[in-house]
Amino acid sequence: MKIVVCVKQVPDTAGGVKFKADGTLDRAAMLTIMNPDDKAGLEAALRIKDEIGATVVAVTMGLPKAEEVLREAMAMGADEGILVTDRVLGGADTWATSTTLAGAIRAIPDYDLIITGRQAIDGDTAQVGPQISEHLNLPVISYAEDLKVEGDSVIVKRQYDDRYHMVKAQMPCLVTALAELNKPRYMTPGGIFDAYDTEITVMNRKDLVDVEDKNLGLVGSPTQIARASDKVRKGAGEVVNLDPAESVAYIMGKLKEKHVI
């Protein structure tokens, strides 16, 4: 069995975010982590590997420094890492990103299952996973909070509003994982040494299968950013010292002034 896991290197928002002049994230200037939903998807693949045996291939698209997230995945237990990087792929929105990743996955022979995170914390669109499935003409099960393999099928407990669905799909298929799916394992010292002794496969534009230049990178992105900014910092607010009765009257007055009541 072969499982392809898409992982993304995302900004560590605790360290602040930075933007380029064109409104896109300046990823080279920020601290980064593995996207939490993707890490849960990777852990799900590794548990399948532990239980029934599988080859786990981690794939990421990004700058050359995104190799770091593949090393982390391999230190956790992934068997291979593939970095998709090329200047012409920069500035991609979800459509161009999913097109690129689908082109890379087409070059991976005989995969059975693709696992992506539900969404990335730097975009929160939840679009890339389902879009990859559309490009590859595969069934997709989203919002997985439990996952197991039975024969040639996957059975997924899918989160849905105030309930859940139990969904079964025949492989090959794609599943998008929630961070709540599991608790990812830690890297091991031996795994870290092995990860840095293993060669990462690097794919460029020429290695992508069945994709057109018009659908790649910034020029192939139908979504355009109108404006971007760091989070707005709140002011100190207004401080008043009143007795309880006056405080109630003051608060009610403010609520009426703002048309809350």
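The legends below describe close-up views of a predicted model. Local features need pLDDT of at least 70 and side-chain atom pairs count only at pLDDT 80 or more, while totals for chains, interfaces and linings use all residues. Residues are numbered from 1 along each chain as its sequence is written, and side-chain values use heavy atoms, with hydrogens and water left out.

**View 1. The largest nonpolar core.** This core has 38 residues. A nonpolar core is a set of buried Ala, Val, Leu, Ile, Met, Phe, Trp, Tyr and Cys residues joined through side-chain atoms within 4.5 Å. Buried means under 20% relative accessible area, exposed over 50%, partly exposed in between (1.4 Å probe, protein chains only). The residues with the most contacts inside the core are Ile3, Val5, Leu42, Leu113, Ile115, Leu147 and Val154. Elements giving two or more residues include strand S1 (2-6), helix H1 (36-52), strand S7 (140-150) and strand S8 (153-160). Helices (H or I, at least four residues) and strands (E, at least two) are DSSP runs, numbered from the N terminus. A second, separate core of 23 residues includes Val57, Val59, Val84 and Ala104.

**View 2. Surroundings of Ile3.** Neighbours within four places in sequence are left aside. Ile3 is then in contact (heavy atoms within 4.5 Å) with Ala45, Ile48, Ala54, Thr55, Val56, Val57, Leu113 and Ile115.

**View 3. The second largest pocket.** Its volume is about 200 Å³. On a 1 Å grid over the protein atoms alone, a pocket is an open set of points where a 1.4 Å probe fits, with protein on both sides within 12 Å along at least five of seven lines; lining residues have an atom within 4 Å of a point. Grid points are joined across faces, edges and corners, and the volume is the space filled by probe spheres set on them. H1 gives the most to the lining, with five residues. H1 and S7 each supply at least two. The lining divides into six nonpolar, one polar and four charged residues. Among them are Arg47, Glu51, Asp146, Lys148 and Asn182.

**View 4. Thr85 in a loop.** Thr85 sits between strand S5 (80-84) and helix H3 (94-106). Thr85 is buried, at 12% relative accessible area. A polar atom of its side chain lies 2.7 Å from the backbone oxygen of Gly62. Not counting residues up to four places away in sequence, Thr85 touches Gly62, Leu63, Pro64, Val202, Met203 and Asn204.

**View 5. Thr99 in helix H3.** Thr99 belongs to H3. Its relative accessible area is 6%, so Thr99 counts as buried. Residues up to four places away in sequence aside, Thr99 touches His135, Val211, Asn215 and Leu216.

Notes. Ala, Val, Leu, Ile, Met, Phe, Trp, Tyr, Cys and Pro count as nonpolar, Asp, Glu, Lys and Arg as charged, and the others, Gly among them, as polar. A polar contact is a pair of N or O atoms within 3.5 Å; within protein, one must be able to donate a hydrogen and the other to accept it, and residues adjacent in sequence count only if both atoms are side-chain atoms.
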